[in-house]
Amino acid sequence: MGVNSNRVDPFFCNGTTTIKIQAEIPMPPLEIHKVRLPPERTTLEKLRQRLSEIFFPDDPLHKFKNQTWFMKFLLGLQYLFPIFQWGPEYNLSLLRSDIISGLTIASLSIPQGISYAKLANLPPIVGLYSSFVPPLIYSLLGSSRHLGVGPVSIASLVMGSMLSETVSYTQDPILYLKLAFTATFFAGLFQSSLGILRLGFVIDFLSKATLVGFMAGAAIIVSLQQLKGLLGIVHFSSKMQIIPVLISVFKHKNEWSWQTILLGFSFLAFMLTTRHISLKKPKLFWVSAAAPLMSVILSTLLVFILRNKAHGIAIIGELPKGLNPPSSNMLYFSGPYLALAIKTGLVTGILSLTEGIAVGRTFAALKNYQVDGNKEMMAIGLMNIAGSCSSCYVTTGSFSRSAVNFNAGAQTAVSNIIMASAVLVTLLFLMPLFYYTPNVVLAAIIITAVIGLIDYQAAYKLWKVDKLDFLACLCSFFGVLFISVPLGLGIAVAISVFKILLHVSRPNTLVLGNIPGTPIFHNLNQYREALRIPSFIILAVESPIYFANSTYLQERLLRWVREEEERVKANNESTLKCIILDMTAVTAIDTSGIDILCELRKMLDKRSLQLVLANPVGNVMEKLHQSNILESFGLKGVYLTVGEAVADISSSWKAQP
């Protein structure tokens, strides 16, 4: 359409047959602008821009522009190995802070490593191995300054439950260990592939609502599983559902040990008290950080002193000294259990990656620096691949360790190196000291750690803000409790995907009205003062128009028109003549959407109703132009704004004899 020279006052009031012009407030006349096409681009240019937006939204190569080859080489090293970025500026002051924080998280990671390995049904020493090699690799490749790396409860639980469903860790421990290392390898391969191919949006399907429910359910299952250790039960259910676990607890009441119960609940109360103190007074973070190691030391001394009397208390036993033995020869790449190892690796890989990136970004935001998601994926993936070849299982950034690391004043990833060094000293010299460590204390450490995963405040907020998100949270929670951990997660992901499909296939549509005294048009339900324009109905679509929603949109828009005609007839108002479709929020359209617009225009035309498009965005306008649909809409079929459309069309009606 060309530029129209008609000038009409853009302000409207409610009326019965005509639009009343506000004369009290003098306003400049409204000029009708032409809707322009975006600049022409080749198909290759369009494809390049689209792929760039999908895979490189952060434009990671912008630093390389207009740089010499030597500077590009240095920038490349800094990109691949962030240690080269902050390393040259490292000083003694930073080292002092990192030593303090590294030793602090080591006091937490040593007992947690042993505990989480038992949670995954692995030998306790594997938990310590996993707290040595992965943190060293992450300190070279990771972009977070505060992430404390090591085994985590959720990944340990999922690995233990998925593998033990098929392979018994008591009857065939070597095969179980091989599958754990192989699952870790595939988890790392999957994670690093996402980073290299820049496919991080895959993990976004695990929404916050899903994770809130999943972690709460997993925390309860983990805690109930620890009743085996807290009560001293020897024969216990290997299932991970709440009902079999509770049945097993009361079925074996004759195995309960009062010595174990007394010792376990005493140290559990001690650690929960220290946790409460640290939550109330963050400056006393070291109280809860030191509590697990203090509990291990005190309980070990107590059991050692009473070793001739406390026969009912199970202990860890002998742990081998020395560095991580190589395990590349134990990777299981052929055989009937390969699919199980791959599936376990993918699930634990997604969970650990989601937790690691979320934790890293949380603490980065507190210190006002940025964590590169794709670099984190590569760092976490590569450390798990290396870990699978050095007797480690799945590791990632732990929230509890990272919180302690942050509060202890960590400045760089060197804190992970200090922590790994402390674990190294433990592996080389201190392993015999853990011989009399009671299993019940490890159970108490796990319960204390996972109880913080139950975020009831987040669940309440989901209920207040978005009921569908709350439903996903509940399904995830009850799926984990009553079905299984991996299936509960699968149900939650399915609900999240269903929510996406629901929003795409059933987008929101609105009826707009004019805000009196302004050229602004908004939702009539949201703005009660907004007024309908006689003889017009102004509709807005708040989504792209795709094949998945085009039929629904056609039916819904026709329903709006029918309801408006009924309303006009009931109130004896001006006859409906024009439908304006505000396309401001229509960010994209495909061929099915274009066809629906054509059909809609024809159907309305047969009913002597005019369809007008307002403010189609650049790529939508381009596709409408290429499809030749604009010719059928005519000279007055496309406008830049709703206000201009109303003003121009209403003035043309007045001009008619």
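**Close-up views of a predicted model**

Cysteine 392 is buried, with a relative accessible area of 0%. This is a predicted model, where local features need pLDDT of at least 70, side-chain atom pairs count only at pLDDT 80 or more, and totals for chains, interfaces and linings use all residues. Residues are numbered from 1 along each chain as its sequence is written, and side-chain values use heavy atoms, leaving out hydrogens and water.

View 1. A search of the whole structure finds zero disulfides (a disulfide is a pair of cysteine sulfur atoms within 2.5 Å). Cysteine 389 is partly exposed, at 30% relative accessibility. Buried means under 20% relative accessible area, exposed over 50%, and partly exposed in between (1.4 Å probe, protein chains only).

**View 2. Leu122 sits in the largest nonpolar core.** A nonpolar core is a set of buried Ala, Val, Leu, Ile, Met, Phe, Trp, Tyr and Cys residues joined through side-chain atoms within 4.5 Å. Helices are DSSP runs (H or I, at least four residues), numbered from the N terminus. Setting aside neighbours within four places in sequence, leucine 122 is in contact (heavy atoms within 4.5 Å) with Ala117, Tyr176, Leu177, Ala180 and Tyr393. Apart from this core lies another, of 35 residues, including Ala530 and Met621.

**View 3. A nonpolar patch lies on the surface.** Its residues are Ile243, Ile247, Leu474, Phe478, Phe482, Ile483, Leu487 and Ile491. Together they have about 700 Å² of accessible area. Patch residues have over 30% relative accessible area and no salt bridge, and nonpolar side chains (Val, Leu, Ile, Met, Phe, Trp, Tyr) are joined within 5 Å. A salt bridge is a side-chain nitrogen of Lys or Arg within 4 Å of a carboxyl oxygen of Asp or Glu. Areas come from the Shrake-Rupley method with a 1.4 Å probe; for residues, only the protein chains shown count as cover. Helices H11 (242–251), H20 (467–482) and H21 (485–505) each supply at least two patch residues. H20 gives the most, with three.

**View 4. Phenylalanine 482 and leucine 487 belong to the patch.** Phenylalanine 482 is in helix H20. At 45% relative accessibility, phenylalanine 482 is partly exposed. Beyond neighbours within four places in sequence, phenylalanine 482 touches Gln241, Ile242 and Ile243. Leucine 487 is in helix H21, and is exposed at 51%.

Notes
Patch = residues over 30% accessible without salt bridge, like charges linked within 9 Å, V, L, I, M, F, W, Y side chains within 5 Å.
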